[in-house]
Amino acid sequence: MSQHFDVLIVGAGSAGSVLASRLSEDAACLVGVVEAGGMPTDPDIGDPLKWPALQGRVYDWAYRTVPQQYTARRVHEWPRGRIVGGSSCLHAMAHVRGHPRDFDAWAEAAGEGWSFDGLRDGFDRSERLTGQRAGLNGHEGDGPLDVFLPDDEVSPVVRAYMAAGTALGVPPLPDHNSGELVGTSPNCLTIRGGRRVSVADAYLTPEVLARPNLTLLTGHEIEHLELDGHRAVAAICVAGGSTERISAGRIVFSAGAVSSPLILMRSGIGDPQVLREAGIACVSDRKSVGRNLQDHLLALGNVYRSKRPVPPSRLQHSESLMYLDSADFSRTSGQPDIVLACVVAPSAAEGLEAPAYGQTYTLLCGVTHPTSRGNIRPSGPGRGDQPTIDPHYLETELDRLTFRKALRAARTVGHHPALDDWRDVEVQPGPEVQSDGEIDAFIARAASTHHHPAGTCRMGMDAEAVVDPELRVKGFHNLFVVDASVFPSLPSGPINAAVVAVAETWAARQR
Ligand SMILES: Cc1cc2nc3c(=O)[nH]c(=O)nc-3n(C[C@H](O)[C@H](O)[C@H](O)COP(=O)(O)OP(=O)(O)OC[C@H]3O[C@@H](n4cnc5c(N)ncnc54)[C@H](O)[C@@H]3O)c2cc1C
């Protein structure tokens, strides 16, 4: 069976949902979207409190890293959505644009179009702010993606944690997206009426899916591309046990930071040696494909037993990220180097003890701009060959040093008198863990992914970049990557807002 589209989008995740909706606004453009997973049917996906329980279900690709030298040789679970909506159906719903200066590195790599100012329209076009505090920062927006600014709903424990930060000099912010990022604020959340809003919920509404020029093919997994010289001709995919060929004028990868580089490599685009080891013939020598892998880690965490019952979260457990300059808590401008979060549920890494629900709260901590770089490789030529994912977590001395500062900052906030009404004792790492060596050993056991892999098909004007500033795969006229893979570096915060803004920005340039 063979089909043809003007544009074929691979993956209906965060970026793919935006692209499918925006590109099909042009009724003359025949848009096809292929998605390995199905439509969401599990009612738990919509319940913001259930997000941690979704991992490992049938719609999770459930990747695993190789053992990591600097995290006690642990293997890290990497959930990724295999479903319409992609990872935005599994994510924790925090909506953080990042600090405007985070995007200076993008502008340096790929031009001013990818600076914060270049992306601003994309952010604005995507968002619709709701909640009691919407509009306080001067814009509410009328985009498809609901961004809820909670107020009364915020847990009293989280309020005490924010008060501790403020008493230590941390500036209060109206919200994370009002300009500066260093400060305390409840999280902005992609929630509407108490329910998760995935990017597909926002962009692939029934009205959009009914457009005659848009075809969404679920249950279709792309294996590789058919290439002809400098053109991508078709995608070869497997659906229900049979193989299909889908040809297109343009092919756009939005398969995410794991799959986009993998499919490119399975198609013969990558480092010849990496491909040879996986039994794949190299068609285009592009050594950077799959490299530059970055991810945020969070230590789970600085756990406290509570003096009194901790009320259940009315939001999604982790209600407030606090971005900080570890050297000066009262600095009000510039990029943060560390982040804390207050979770009102037991949250401890595998193998570490956490008291029962309602008796505990946890301060998570992490590094906003990690300098360690990893890679993703195919282990074989087929879609059934699991990728080898090696994020090189905490490989650099700077990352380990900054993480130590983050844990010390969490303890400073956690032991502040503003939390006296809640804090009984510190359970993790525990008062006996004080020296640099002891803290490093604890972090190695406690560090877990914050779920933000990115950078594996990085954009740039340099010869080594995978895609050019138009997000076109170098060496191919009609092949593009538009998703978290193209990020040259991580923004400070969770990255879904930036993925959506990148897709909005790229789509606007196609008009
Ligand atoms: C547990 C968890 C918590 C998170 N929490 C947050 C948060 O609170 N805030 C935040 O901003 N970010 C969060 N993130 C990260 C955020 O969700 C992702 O960065 C973002 O969704 C990535 O978008 P994407 O378009 O690059 O990829 P995805 O959304 O993962 O989309 C890729 C799509 O491609 C499909 N696909 C892959 N391979 C193939 C193939 N071979 N054939 C066909 N289709 C294919 C996939 O099934 C998927 O639908 C979290 C992620 C997870 C997993």
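1. Two strands are taken to pair if DSSP finds at least two bridges between them, strands being DSSP runs of E with at least two residues, numbered from the N terminus. On that basis S10 (residues 220–228) and S11 pair in the antiparallel sense over 8 bridges, and leucine 227 stands opposite alanine 232 in S11. In their hairpin, which has 2 residues between the strands, glycine 229 takes a positive phi near 60°.

2. The model is predicted, with local features needing pLDDT of at least 70 and side-chain atom pairs counting only at pLDDT 80 or more, while totals for chains, interfaces and linings use all residues. Residues are numbered from 1 along each chain as its sequence is written, and side-chain values use heavy atoms, with hydrogens and water left out.

3. On its other pairing, S11 runs antiparallel to S12 (residues 242–253) and is joined to S12 by 6 bridges, with cysteine 237 opposite glutamate 244 in S12. These strands also form a hairpin with 2 residues between them, where glycine 240 in the turn has a positive phi of about 55°. S11 (residues 231–239) is mostly covered, since 7 of its 9 residues are buried (under 20% relative accessible area, 1.4 Å probe, protein chains only).

4. Helix H9 (a DSSP run of H or I, at least four residues) covers residues 397–414 and reaches 26 Å from its first C-alpha to its last, close to the 26 Å expected at 1.5 Å a residue (1.5 Å times one less than its number of residues). Its buried residues include Asp399, Phe403, Arg404 and Arg411.

Definitions and conventions: Buried < 20%, exposed > 50% of the residue type's maximum accessible area, 1.4 Å probe, protein only.
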